[in-house]
Amino acid sequence: MIESKYNWQMNQIDDPQAVGKLAKEANVDETIAKLLLQRGIDSPDQATNFLKPSTASFHDPYLMHDMKKGVARIQQAVESGEQITVYGDYDADGITSTTIMYEVLTDLGATVDYYIPNRFSEGYGPNVEAYRQIIAKGTSLIITVDNGVAGNDAIAVANELHCDVVVSDHHSLPEVLPDAYAIIHPRIKDVDGKAYPFGDLCGAGVALKIASALLDELPTDLIDIASIGTVADIVSLTDENRAIVKFGIQAIKNSQRPGLLALIKAAGIQLDRFDEQDIGFAIAPRLNSLGRMKDATIGVELLATFDEDRAAELAKFANHQNDLRKSLVDQFYKQAVDQVEADGVANKSTLVVVGDNWHQGVLGIVASRLVEKYQRPTLVLTTQDGSDDAKGSGRSIDNFDLFAAIDPIRDQLVAFGGHHSAVGLTVNKQNIQSLRDQLEKAAAEQQLDLSVKPKLEIAAKIGVNRITSEFVDKLKVLAPFGQDNPKPIFDVQYDQVQNIKTMGKASDHLKFTLDQGNSQLTAIAFGKGTLAPQIQAGSNSLRVAGQIGENTWNNRTTLQLMVDDLNQAAAPVIDERTRALHEQMFVESGTYVFFHERNLAQLKGYFNGDAKAVMYDQLINGNRSDTEDSQLFIVDCPDVIEDLTKVIESCRPTTTVLYLYKKQLVSKIGMPDRNSYAKLFKFIRENPNINIATQLKHLSEHLHIAARTIVFMVQVFLELDFITINDRVINLNPHYAAHDLKSAPSYRLREEQLKTEKQLLVSDTHKLVKFIKDCLDS
């Protein structure tokens, strides 16, 4: 049994007329029309705007709160030669936001510098001491990007020091806004109650809007950088963000930026096939790793530099930092799992893991991976030598508010912040147990139900034979995919699963093939290598949900399914056919059925406990109470197939495991032809007193018939009274009468054995399982 990780939710559009109407009016395939309707796009105009963004997709930047005021102050600073400092953030959105603002101001001739705070010593957002140092060096205007809306204290200090602050941010609004010169934010409403038409811009998106206002046009040379920040920050890929990423990807494919090209090369990305996944899984992690591991400042230099040698050097460093980050995550994750398993997880609703001298920059990633594995809210903390405090990050699941859970003991913490799904905190070592207790208490108060699985939205069911290159090309019109525009997940229909194998150094990934008719689709399931033994080749009981993608290797592109989830009920029939039996095959509880007493006698010592060994005739028309609704193991292969069908029909087991052991197949010997019988009969008639024990080899060589076949034919002749055997000496029966060979019991048994082997041992898993299921259903 393979239990699904998610609760599969079919996103049904039950109005075929609406699908057909939109497909016709928007001139799209019906599959695309259905997917558009699932996304709430139900008119031709909406479909056109979604599928083919244009410059008209960008809103007037002056509709954003304080844009006019903020831009005027920036222009004044540029014109008067004031020192401007762009104050950014250490993640990918912060780095790209800083790059956009720095470049546009440089192009306008401003005296400008940038500052990225250190994650570890300064933390996120405006820092009072950093502001003091920046202003002391002559800055009279600070422009925040991707931060600042909650920087009340630092902005108050800036005002005291006669330095204006223009905030550009997109994060959640605090109850009290800072007293900044201007706050450019897409969610702040103006006095008339109106807000910017699209509130889901990221920091880089807001910076791009400011650049558009400063230049009085869309800065197409900056949209590549804005697209990276937009994908990296996992904001809604609809409306303006969709246009930013759509145009940005095209710009990246034609980029002349040495730093970006060097980063793409270092990441091993094919530029001609570049898409949003390359940003999300290759570019963004490398930029993020700079801030996670050390200092993100060089990220801006990497994106902005026009020195190719320096670009290559910085890209190599970013790649190295990313490799280091991955290595540390793997190392700490393994230690965290060991700690969780040692402590036990069954009776806990939440997890708190405490490491020793773990790198603080990767704790959030480790927490995310633990949530993925255990589906529980998780805090990952680390102690540091020379400190009484533990610092860390937390991640949660959909149905648990992690911030609200910890907030009641905020006064016991050194530092604390975050939201529903993620928190950062510092706690004295002595209070870690109180933190654990509070999380468990909150789990009870919030009625956290760990049996509730997260939802997996299924776009449609689709057969493998429909998954073609043409179909994938049609899906691409919906890209770029991301938040609020997910890549479609399909429940894939097939006939048989084949070629099941594991991948990776630790065999922790799963690979298999789904077959339907003449069509095949390779499926990859990351992190599910341990499930391989539970999947039966040739079966179709495994349910597979995933995203259809492309894999290019050696200039050859093939389609593949990236698996999101698997589900397989306890199989009613399990094909474990074998040519060798060993003790481990008899440890499970259940009834083990034998068709040959010699096999039962040889293996009887293996059975104990709840494992019971019986001959088949004990079950037929016997007491079914012991075996009904239980696990039945068919150990050896019957001679007559009806013996097996009677056992199954009598027992009606929940699960039937088929070993069907047979040492030698009679099908390899076959049935002798009439000419062989004639040759042997003639030889016996012409050569009396043949000793079958001493002359068998000579007889076989003379007649060119296998010895085992001769023994079989002798048995048939004996049963038909064609011959006599006394003390192993064969002679012709002088009084024999003509009989049909097929009337001999051995002949009929051989026919049954051949029929049985063909049905049970030679057939593929799919046919065998179907045969047994038909017996169960009869």
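Student: What makes the crossing of α6 and α7 right-handed or left-handed?

Tutor: In this predicted model, α6 passes α7 in a right-handed crossing, and that name is used because the near helix is turned clockwise from the far one by less than a right angle.

Student: Why are α6 and α7 called roughly parallel?

Tutor: Helix α6 (residues 128-136) and helix α7 (residues 152-160) pack at an angle of about 25 degrees, their axes being 8 Å apart. Angles under 35 degrees count as roughly parallel, and α6 and α7 are therefore given that description. On the α6 side the contact is made by V128, Y131, R132 and I135, and on the α7 side by D153, A154, I155, V157 and A158. These residues divide into seven nonpolar, no polar and two charged.

Student: Which residues of α13 meet α14?

Tutor: I298, E301 and L302 in α13 meet R310, A311, L314, A315, F317 and A318 in α14, and the residues of this contact divide into seven nonpolar, no polar and two charged.

Student: What makes M101 part of the account of the largest nonpolar core?

Tutor: That core has 72 residues, and M101 is listed with I84, L105 and L287 as having the most contacts inside it. Helix α8 (residues 203-215) gives the most to this core, with eight residues. Leaving aside residues up to four places away in sequence, M101 touches V86, I143, V145, A207 and I210.

Methods:
Residues numbered from 1 in each chain as written. Predicted model: local features only at pLDDT ≥ 70, side-chain atom pairs only at ≥ 80, totals over all residues. Heavy atoms only, no water. Contact = heavy atoms within 4.5 Å. Helix = DSSP H or I, 4+ residues; strand = E, 2+ residues; numbered from the N terminus. Nonpolar A, V, L, I, M, F, W, Y, C, P; charged D, E, K, R; others polar. Core = buried A, V, L, I, M, F, W, Y, C linked by side-chain atoms within 4.5 Å. Buried < 20%, exposed > 50% of the residue type's maximum accessible area, 1.4 Å probe, protein only. Axes fitted to C-alpha atoms, helices over the stretch in contact; angles between N-to-C directions. Parallel < 35°, antiparallel > 145°, perpendicular 65-115°, else oblique.
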